[in-house]
Amino acid sequence: MLWILIAALACTKDEGTDTDSGQDSADTADTVDTGVLENAVFMTALVAANTSGDQDEADQFEDWVKLSNLGDEPADLGGMGLSDGYPEEQPWILPELTLAPGDSVRIWCDDDESDGELHANFKLSRAGEVLTLLSADGAVLDRVSWTELEADEVYVRSDDGWEVE
């Protein structure tokens with residue numbers, strides 16, 4: 001799976017066109033934009049309507065996104081941003097956190113930062129939207145879009161893109 005993600009990193013968008021395929025980026029369900037080829041942190045799963053799955057530390061069923069380090073070196077997430085409204089809205093900034101190679105972290109997307117430092121200031125829409133991961137300097141590292149997801153459906157990155165698990 002890592003080789004596919006690395007290959008996806010070579011794909012950049014220029015004025016709405018996926019330069020790797022020549023397709024209009026609006027026609028692709030999931031696109032990686034990046035100018036940071038050494039990035040190894042990606043969104044690998046999300047739930048946009050968590051009603052009975054995993055619970056956060058407050059025993060609440062909250063939406064979430066999983067960030068994973070798919071590289072061979074530790075990855076510093078501190079200062080990276082997540083946004084469901086980029087570029088119109090300021091991203092939520094991740095706390096200082098280092099992921100070892102192969103490790104993942106769940107970010108709760110519940111608009112309740114008082115629940116802990118891994119709780120973003122936005123919720124995910126089950127009706128669909130675009131979620132963007134940004135580097136500390138604002139470069140787009142990863143982006144995923146989806147259409148309507150049913151309750152408790154997990155949307156996962158696979159070798160073929162994104163799919164409901």
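Four strands line up here as an open sheet, in the order 7-6-11-12, with antiparallel pairing. Strands, like helices, are DSSP runs numbered from the N terminus, with at least two residues (E) for a strand and at least four (H or I) for a helix. Strand 7 (92–93) and strand 12 (140–147) stand at the edges with a single partner strand each, so one side of each has no neighbour in the sheet. This is a predicted model, where local features need pLDDT of at least 70, side-chain atom pairs count only at pLDDT 80 or more, and totals for chains, interfaces and linings use all residues. Residues are numbered from 1 along each chain as its sequence is written, and side-chain values use heavy atoms, leaving out hydrogens and water.

**The chain overall**
- The chain's secondary structure comes to one helix and 14 strands.
- Of the 165 residues in the chain, 45% are buried, meaning under 20% relative accessible area with a 1.4 Å probe, protein chains only (over 50% is exposed, in between is partly exposed).
- Among contacts (heavy atoms within 4.5 Å) with a separation of 6 or more, 55% are between residues 24 or more positions apart.

**Inside the sheet**
- Strand 6 (residues 81–83) and strand 11 (residues 128–134) run antiparallel and are joined by three bridges; two strands pair if DSSP finds at least two bridges between them.
- Leu-82 stands opposite Leu-133 in strand 11.
- In general, strands of a sheet pair through backbone hydrogen bonds, either parallel or antiparallel.

**Ser-83**
- Ser-83 belongs to strand 6 and is buried, at a relative accessible area of 2%.
- Its side chain reaches the backbone nitrogen of Gly-85 at 3.0 Å, and a polar atom of that Ser-83 side chain also lies 2.9 Å from the backbone nitrogen of Tyr-86.
- Leaving aside residues up to four places away in sequence, Ser-83 touches Glu-89, Pro-91, Phe-122, Val-130, Leu-131 and Thr-132.

**Leu-118 and Arg-106**
- Look for Leu-118 in the loop between strand 9 (104–109) and strand 10 (119–120); Leu-118 is partly exposed, with a relative accessible area of 24%.
- Not counting residues up to four places away in sequence, Leu-118 touches several residues, including Trp-92, Pro-95 and Arg-106.
- Leu-118 and Ile-93 are 25 residues apart in sequence, and their C-alpha atoms are 9.9 Å apart in space.
- Arg-106 has its charged end over the ring of Trp-64, 4.3 Å from the centre; for this, NZ of Lys or CZ of Arg must be within 6 Å of the ring centre and within 35 degrees of the ring normal.

Note on methods: A polar contact is a pair of N or O atoms within 3.5 Å; within protein, one must be able to donate a hydrogen and the other to accept it, and residues adjacent in sequence count only if both atoms are side-chain atoms.
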